[in-house]
Amino acid sequence: RCKNLSVSFWNSYWMLPSDVCGMNCFWEAAFRYDYMKTHPSEKMHLAVVACGERLEETVTMLRSAIMFSIKPLQFHIFAEDRLHESFKDILDDFPYEGKVNYTLYPITFPTESAAEWKKLFKPCASQRLFLPLILKNVDSLLYVDTDILFLRPVDDIWSFLGKFNSTQIAAMAPEHEEPRIGWYNRFARHPYYGVTGINSGVMLMNMTRIRRKYFKNDMTPVRLQWGEILMPLLKKYKLNITWGDQDLLNIIFFHNPESLYVFPCQWNYRPDHCIYGSNCKEAEEEGIFILHGNRGVYHDDKQPTFRAVYEAIKNCSFGDDLVHSLLQPLELELQKTMHTYCGRVYKVFVKQLTKSVRDLYARRSKG
């Protein structure tokens, strides 16, 4: 039955009338669970690169991926050698044996140019460029930065692979929705994709297609494969790029726009989407699907809305009652951030998260 809609946001959202959500959402989630059981598929492959003081942040991201996902996950964790033992100790304690597997890798770059790649932008950030060449037996991969939080199942962004047309090899979100505050269209000294560029913090790749493709470029009339194009691009543009490997990806897809699938901003929601006023319409309508706390906002007081979500997921234990241990405390913390622009739209931070928890419980009731 419907609850009085004057109660807290969480309660009103959780108990919306069935014609809006309610039992319709329950049965939709249950149907999806049945479909996954009767249509088994290979694991979803997720990669991350962790250097420096990124252990806790990376583990929190992995925790969010596990929390709601349906199909099995294979983590590919590229990390400095000194972090390997810590990752192993933590991940071996995760309770979902069989659903989650992981492999740890060292940070590696082409021998002849390793020093240049290591110092490009942040330490080891450019490792992501070489994933198609390192993970040769992986067909498709979701790469994410360490400061990503999944607020809905990884399965849902993974499903974009099935929406690629015959020429598309990767999917990313725009760097900005509003050109007036865009970085690339105002300051870039190199080619970039589209109107405002693309952000590589969430990057879905069909790596088989990437390895096979010959790319157009502005260095030679001859098309080059992935392993051939990266170093020449760096040599040509290294004095003109600011954001390292992301700039190189923008250059590549500027010359090969038919190869990119662009997904909406709610799949890579960053502070730029709300610090000057809300400008991600899809998130306003459906909520945030993937939260990206770039610029260190999970760890300072500049954007308390982002930090509140991070802290809530970090402190949530597997097996907890997510309604009382995650959703309700988080809403109270978010209400304290309403003095900020992002805080004024805090409901977009919990809208999808609430639905994900409800769907999770629907799947559990079926299983």
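Modeller: A nonpolar core here is a set of buried Ala, Val, Leu, Ile, Met, Phe, Trp, Tyr and Cys residues joined through side-chain atoms within 4.5 Å. Buried means under 20% relative accessible area, exposed over 50%, and partly exposed in between (1.4 Å probe, protein chains only). This is a predicted model, where local features need pLDDT of at least 70, side-chain atom pairs count only at pLDDT 80 or more, and totals for chains, interfaces and linings use all residues. Residues are numbered from 1 along each chain as its sequence is written, and side-chain values use heavy atoms, with hydrogens and water left out.

Colleague: OK, which residues touch the most other members of the largest nonpolar core?

Modeller: Trp117, Leu131, Leu141, Met205, Leu230, Leu248 and Phe253, out of 42 residues in that core. Helix H10 (226-237) is among the elements supplying at least two residues, and H10 gives the most, with seven.

Colleague: What is Trp117 in contact with, beyond its neighbours within four places in sequence?

Modeller: Its partners include Phe109, Pro110, Phe130, Leu230, Met231, Leu234 and Leu248. Contact means heavy atoms within 4.5 Å.

Colleague: Switching to strand E2 (residues 73-79): how many of its residues are buried?

Modeller: Seven of seven. Leu73, Phe75, Ile77 and Ala79 point one way, while Gln74, His76 and Phe78 point the other way.

Colleague: And which way do E1 and E2 run, parallel or antiparallel?

Modeller: Parallel, joined by seven bridges; two strands pair if DSSP finds at least two bridges between them. Ala79 in E2 is the bridge partner of Ala50. E2 also pairs with strand E3 (residues 100-105) in the parallel sense, over six bridges, and there Leu73 stands opposite Val100.

Colleague: Now the cysteines. How many disulfides does a search of the whole structure find?

Modeller: Three, counting a disulfide as a pair of cysteine sulfur atoms within 2.5 Å. Cys51 and Cys124 form one, with their sulfurs 2.1 Å apart. Cys265 pairs with Cys280 at 2.0 Å, and Cys274 is joined to Cys342, also with S to S 2.0 Å.

Colleague: Why is the Cys51 and Cys124 disulfide right-handed?

Modeller: Because the torsion about its S-S bond is about 135 degrees. That pair links distant parts of the chain, 73 residues apart, and both cysteines are buried.

Colleague: What about Cys316, buried or exposed?

Modeller: Cys316 counts as buried, at 2% relative accessibility.

Conventions. Helices (H or I, at least four residues) and strands (E, at least two) are DSSP runs, numbered from the N terminus.
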